[in-house]
Structure formats: C-alpha cells, structure tokens
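Please look over the structure below. The report that follows covers its charged pairs, a sheet, a strand residue and a surface patch.

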Amino acid sequence: MSAVLFAVFVMFVGVTAPAGAAVRWPAKPSAPAALTVTQTGPATLQAKWQAPASGSAGVFGYLVTAVPTKQGAGPSTVRVVPRVLRSLTLAAKAGAQYRIQVLALSFRGLSQPATATVTLTAPATPPAAPTKLTVSTDGQPTGSAKIGWSAPATTGGSPITGYRVVAKAAGQPDVGPVDLPATATGTVLTGLVPGVQYTVSVTASSSAGAGAAATATVTAPEPEPEPTGLPLVAIDTATDRLVKIVPGAQQEITPLSDTTFAEDAQIVVNGDRVAVLDDAADAVTVLDLTAGTTRTIATGTGDLDVALGVDGTVFLVDGSKLRRIPVTGTETVLATDIVGGEVGVDAAGTATVFSDGASDTQLRRSDFPANGGPRVVRPLPDSQYIEDITETADGTIMFQRIANGASGSRLYQRYAPNAVTYQAVPFVRYAYDSATFTAGGDFYRMQTQSRCSVPVPSCVEDLSVKDVQLFAAGTTTLQTIPLNDLPGLVPFTVDADGVLSAATADGLLRYAPDGGDPIATVPGSFAGVQALGVAAN
C-alpha cells in the first residue's frame, strides 16, 4: 500500500533528495478543511474544501465521493483530483439526498474524511389549474360575467405570483387578458357580445411560468327588452271616442267605436272585453275586441255601477236592481233591494255587491254565486264613509274611504276573498292622492308631497308628485317607486307587467316597473285609461 501511494505521490508532486541523503516523510494529513456543498443546478452539486490543517505538505491529491443516502436513489460519483484543486462539480439527481466525502491522499495514507450531507431541491414547476371555477351572468349588466375561483391544489414548489383571465369565442376578439394579483379570487369580465358563447380560462403563474388553465363556458345574455307595457283603452278627449293604444315604436292609436262618451264615463276591462258605463247616455256599451262585436245595454237614471265577467257577462247595479246580462240568453234580475251599491265579479263569475246596510256606519256585502245558489249577505264592520270599491278576479276587495275629521284624506282597506275583516294600507302622509288596484291584488297610490286641509300660516302645501307607493299583494309594507317628470297628481293605471301609465294634460306618460324617467310618451289627452287583460272591476 505504501509503495502504491508513494508512486502516486511521485507521479503528482515528485520526490527529490541529495544523493545519499535520507528521505523524511511528511506526517499523515488531517481531514480536508471547510467542506461546503451547494446545489448549482437541478441535478448538480459543487463541493469546495480547503487543504488539511496539518500534514498538507504530503498531500498529493483528494479522493471525492458523492453517494445517495438511499441506495439507487441517484448516480454515485468517485473522483480523484490533484492537490491543486479545491472544488469539484458532481452529478446528482433532483430531490435525492447525498453524502459527500473528501479525503486527502498522501503516501502516509488516507486522511479522515470531511463529510457533508445535502438534499437537492426539486426544480419548481408551473402551478396546477385554479380550482372551483365559477362563471355567472346573474345580476350582471348586459355583456358582463362574474368569474370566481380558488387557488390551485398544488403550486409546483413556488409561490403563486398572479392570475390571468381571458374569454375567447369563435369569430370574436378575445375579452382580456386581465392580469390579477396572487390574492385575487374573482373578477368581472365586461365587453362580452350578447348571445355569444365564450370559453373563460383562468391560469395561475409562478416563477416557474404559467400553469394549466381552468375553463368554463358562458353565454352572455341578450339584453332585456325595454318594457313597453300592454295595450290600453281610453277615451280620447279630442274626439270623445274610445280608442285602443298599442305601445311600441309606432304607438298606434285606433278608434274602437263611433260612439262618443263623456270624459267621466266608467271603463272596466276583462281580457279583451271592455264595458263603458256612460251616465249621460243612460247606457252601457260592451265591446269584444277579439270578436269585433259591440252591444248596448240601456240603463235607468238611478245609482249605476258595472262589472264585467271573464265570459263577457255584464253585472249592472241599476238603481235598486242588480242585473245579470249574459252575452247570449236571458237577462236575470238578481236583487231589487240594492241601495247605493257597487258591484264586482271574480273569475268564477260570483258577483259581489257592496251597498248601504242597516246603519250609516256600515255596509253590507252580498255575494251572488255563479251557479245560481242563494244570496249570501254579511255586514262589514267599520265601513263608514266608503267612497269607492274595487274587486279583482280572485275576489280581493279594496275599499277607498274618506277619513273622519276635516283632513279629507283617503284611507284604503284590503279584504282578502270572502273576508269581512280588512288589512289597512299603511298611512304615509296627509296629501291628495290617486290610486289604482291591479288584477293581481297589487295596490298603487300616488300622493302629493303635502296637503293643507285647513288654511293656516304654518302649513305649506306641496302639490308635486315624486313617486308612487306599491302595496303588493301578500305583503305588509310599502315600496316606494320614483317617478320623474310628473306634472302633479294625475289619474293612472298599472298593467299586468307592472308598467304604469299616467294620463297628463300633455300626453300619456309610461313608466317601467322600477320607475325613474318615462320610457314612452303617447301624445294626446286621454281619460279613463285602463290596461287590457284580466283587470279589476
């Protein structure tokens, strides 16, 4: 062994001595000093060391080994380098742990090893796709979509640095990309073309690059058409004729009859049938707009009120009589003891009359079943000062009543079908008002801002109208809907789509269900405006 090492030593450093002189062998070296091992690449290590602290004069080289701590986990390296080298690059395997040893070589033998253990870090990879991707257009403006996601399940060994969102569709320019920070979990994309299907992609990025995309499809919804409202009927005060008003770009106004009517004639609607009660003419005119027919019913000169059934049957309070007049067949007198009555009819054909009762402080309710059954009479408590009564197709009743005292304010009471107790519409303020009641049981009230019932200096009357109050069926609270450009308190109606039509002196203003500015103006002057469809009587 000593001879071999001596030969290697002579090969590396050489040995010289004077002739006849004795050779003095250096001491055995200590372990190489200051061994450090660093990772220089995904699969490379660099070992660095210093000469042994003692015995370095006899060192002629170094033996370097790099062996995985787990057998077979990666390549092993054994190298001998000359003493002038103090570093060596070693092949390794990413993610494996290695034990590196450096031994000094001298003719006296091997030194103790300098040892280090290091684990190679696997290189970062791009992150996985974001998770829980959601894409929704609900509640978003036209052309927009709300995007949401969660972080990727794995980041690839490097922190997420950001997200990129883009939407692509065939034949359309890309929407985005939108770059967002690593903390982002959602965004709103705008600029989508309505009716076009897009593929939305969300990718996460790190120092290792962009990862896989999470994708979902979405179709931007078509914009909601502006509400135009259902057709209306009204008396055109310029001609005193009944007309049909069809909303839309053309706003067609079509006369329905050659008959002229007083502007205060009562108009009731059910489906495409219209009844006009004209006190001045002592007649009810009934039009079937689908069939194109007209019939005239003569009336007396007493108290008059009319209701129209879904089948076209007319119920007429004519003085003390309640008359039932079908489209075909024989007229029937249902009662002869009506006093100051108002009539309504539900979808089943049951007629209800509200008339004066046993005293001045209450009304009585009389129901006349459609099947010809006996009349049912019930008193209505606390029904004094009733001014107007409306009944819907489901039998809901709305009373308009004058408050006691000098204020003259109107109060409103709603009776569910067949009920004798009422639900009061919440009172807002003393004011002038106008009201209507839809077929679905929704109550609308328009009010001025204030009213001075008794002239006093402290009262400042404000007759402007800024909104309408909605007391929807089945609710107990009022909803306020703003209305712009109203000149003041005017008659109005609301159709089944919730479109409000207000009859002003300069034309018919139409408002969307959520109010605001008018969506259309119909020029002209109209009275008794009613929406076609199943309406209140």
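Does Asp288 count as buried or partly exposed? At 15% relative accessibility, Asp288 counts as buried. Buried means under 20% relative accessible area, exposed over 50%, and partly exposed in between (1.4 Å probe, protein chains only).

## Basis

This is a predicted model, in which local features need pLDDT of at least 70, side-chain atom pairs count only at pLDDT 80 or more, and totals for chains, interfaces and linings use all residues. Residues are numbered from 1 along each chain as its sequence is written, and side-chain values use heavy atoms, with hydrogens and water left out.

## Salt bridges

Side chains of opposite charge can pair when their charged atoms come close. The structure holds 10 salt bridges. Each is a side-chain nitrogen of Lys or Arg within 4 Å of a carboxyl oxygen of Asp or Glu.

One of them joins Arg273 to Asp288, with the closest N and O atoms 3.4 Å apart. Arg273 lies in strand S20 (residues 273-278) and Asp288 in strand S21 (residues 283-288), so the pair ties together parts that are 15 residues apart in sequence. Strands (E, at least two residues) are DSSP runs, numbered from the N terminus. Arg273 is partly exposed at 23% relative accessibility.

Asp174 bridges to Lys168, and their closest N and O atoms are 2.6 Å apart. Asp174 is partly exposed at 40%; Lys168 is partly exposed at 44%. Asp367 pairs with Arg365 at 3.2 Å between the closest N and O atoms. Both Asp367 and Arg365 are buried. Shared partners link Asp318, Arg323 and Glu331 into one salt-bridge network.

## A four-stranded sheet

An open sheet runs in the order S39-S40-S41-S42, with antiparallel pairing. Its edge strands are S39 (492-494) and S42 (520-523), each pairing on one side only. The twist averages 20° from one strand to the next. Pairing requires that DSSP find at least two bridges between two strands.

S39 and S40 (residues 500-504) pair in the antiparallel sense over three bridges. Phe492 stands opposite Ala502 in S40.

## Val80

Val80 sits in strand S4 (residues 77-82). Its relative accessible area is 48%, so Val80 is partly exposed. Beyond residues up to four places away in sequence, Val80 touches Tyr62, Leu63 and Leu105. Contact means heavy atoms within 4.5 Å. The C-alpha atoms of Val80 and Tyr62 are separated by 5.5 Å, and the two residues are 18 apart along the chain.

Conventions:
Axes are lines fitted to C-alpha atoms, for helices over the stretch in contact, and angles run from 0 to 180 degrees between N-to-C directions.
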